[in-house]
Amino acid sequence: MKYVDFDQKRPLDIILLGRIAIDFNPAYNEQVKEEFKPLKKVHMFEMFVGGSPANIAVGVTRHGLKAGFFARVSDDQFGDFVVDYFEEQGIDTSRITRCRNGENLGLTFTEMLSPKESSILMYRNKIADLQLSVEDIDEEYIRQAKAILISGTSLSESPSREAALKALMLAKKNNTRIIFDIDYRAYNWKNSDEISIYYSMAAREADIIMGSREEFDLTEKLICPGMTDEESARYWQGCRAKIVVIKHGMKGSTAYTADGEKYSVKPFPVTARKGFGGGDGYGSGFLYGLYQGWELIDCLEFGSAEASMMVRSNNCSDALPGPEEVRAFIREEKELYGEMIARV
């Protein structure tokens, strides 16, 4: 079933815009296993590409979609690492440009204390991703894409803020579908009013909105605080949204469609390695199903499965699975726990 119409004549399936980072995670491989411990006790790390939109780009590409990216990266070996990795994955890097004034890619150091306790230490001074400028946003490139995904962090500071808003305007002008992944991160934002102003501007233009209940609360603070999930869905569907996905962590998630229907899933049970990365897998799997024209409950189940696979992994990019791996995981989980394990 088609909930959102994508222009099938366009060569790019999706362009992503926003944060690219470098993740340093405690090493956990065949040679070295840093067990759960405080960050200050970790001696060996593994390096990965990170950042939610970057991970989603990798995820959808693993599923066979063609992805592009608007971004700025550092003009150094970390920038080389990102561009080389994207090109190896098959992501188009023609609109990824280098910073000009020594800005750095964000560095994330991960602390894994237990299957239920993990945190990150983030270095984002003179940050590269927020240097994206209006001059980097190419209308012809947007015209080639079925959809563009705007990550909420890109709205937190200028000049990236104006670049993201320009991309939204050009996408709407050219009938390119708009996906808004709220992707709230406290760093860089100055206050909650600023968050609500810019998140709501993006949400009003979006065909698909994805976020946690907390993220919707932040978006709606200056509009109508305290809305229920159903009220939030109706409000944004009254603007432009065809699908509103609201997540409640381990309690599951629900997608609301413009025809008044709703579909819910809960996480597949796994032993977690970390408490993050699941949202990127969720977004990758959910969007893949949507592009295939699946029923929405199947899109949600696929996204939920990929999310569970990612929280049990040691990283947020290299471990992203292909579609057959996700299907195998779903079969295994249903054999163990029953056919309806993820469906509410």
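Are R72 and D136 buried or exposed? Both are buried, where buried means under 20% relative accessible area, exposed over 50%, and partly exposed in between (1.4 Å probe, protein chains only).

This is a predicted model, in which local features need pLDDT of at least 70, side-chain atom pairs count only at pLDDT 80 or more, and totals for chains, interfaces and linings use all residues. Residues are numbered from 1 along each chain as its sequence is written, and side-chain values use heavy atoms, with hydrogens and water left out.

**Stop 1: salt bridges**

Keep R72 and D136 selected. They form a salt bridge, with the closest N and O atoms 2.9 Å apart. The rule asks for a side-chain nitrogen of Lys or Arg within 4 Å of a carboxyl oxygen of Asp or Glu. R72 is in strand β4 (residues 67-73), and D136 is in the loop between β7 (117-123) and α3 (139-143), 64 residues apart. Helices (H or I, at least four residues) and strands (E, at least two) are DSSP runs, numbered from the N terminus.

Next, select D138 and R95. Their salt bridge has its closest N and O atoms 2.7 Å apart. D138 lies in the loop between β7 and α3 and R95 in the loop between α2 and β5 (96-98), so the pair ties together parts 43 residues apart in sequence. D138 is partly exposed at 25%, and R95 is partly exposed at 22%.

Now go to K242 and D207. Their side chains meet in a salt bridge at 3.7 Å, N to O. K242 sits in the loop between α7 (229-237) and β11 (243-247), D207 in the loop between α5 and β10 (208-212), so parts 35 residues apart in sequence are tied together. K242 is partly exposed, at 34%. D207 is buried, at 1%. Then select D298, E301, K334, E339 and R343: salt bridges that share partners join them into one network. The count for the structure comes to 29 salt bridges.

**Stop 2: aromatic rings**

The whole structure holds 16 aromatic pairs. Rings of Phe, Tyr and Trp (its six-membered ring) pair if their centres lie within 6.5 Å; planes under 30 degrees apart count as stacked, over 60 as edge-to-face and the rest as tilted.

Select F6 and Y291. Their centres are 4.2 Å apart and their planes are at 10°, so the pair is stacked. F6 lies in the segment before β1 (12-17) and Y291 in helix α8 (residues 278-291), so parts 285 residues apart in sequence are tied together. Both F6 and Y291 are buried.

Move to F24 and F78. This pair is edge-to-face, 6.2 Å centre to centre with 80° between the planes. F24 is in strand β2 (residues 21-26) and F78 in helix α2 (residues 77-89). F24 is buried at 15%, whereas F78 is partly exposed at 29%.

**Stop 3: a helix and a serine**

Show helix α9 (residues 296-311). Its 16 residues should span 22 Å, and its end C-alpha atoms are 23 Å apart, which agrees. The expected span is 1.5 Å times one less than the number of residues. Of the 16 residues, 15 are buried, so α9 is largely enclosed by the rest of the structure.

Finish on S200, in helix α5 (residues 192-205). S200 is buried at 5%. Which residues does S200 contact, leaving aside neighbours within four places in sequence? Select I195, T219, I223 and W236. Contact means heavy atoms within 4.5 Å.
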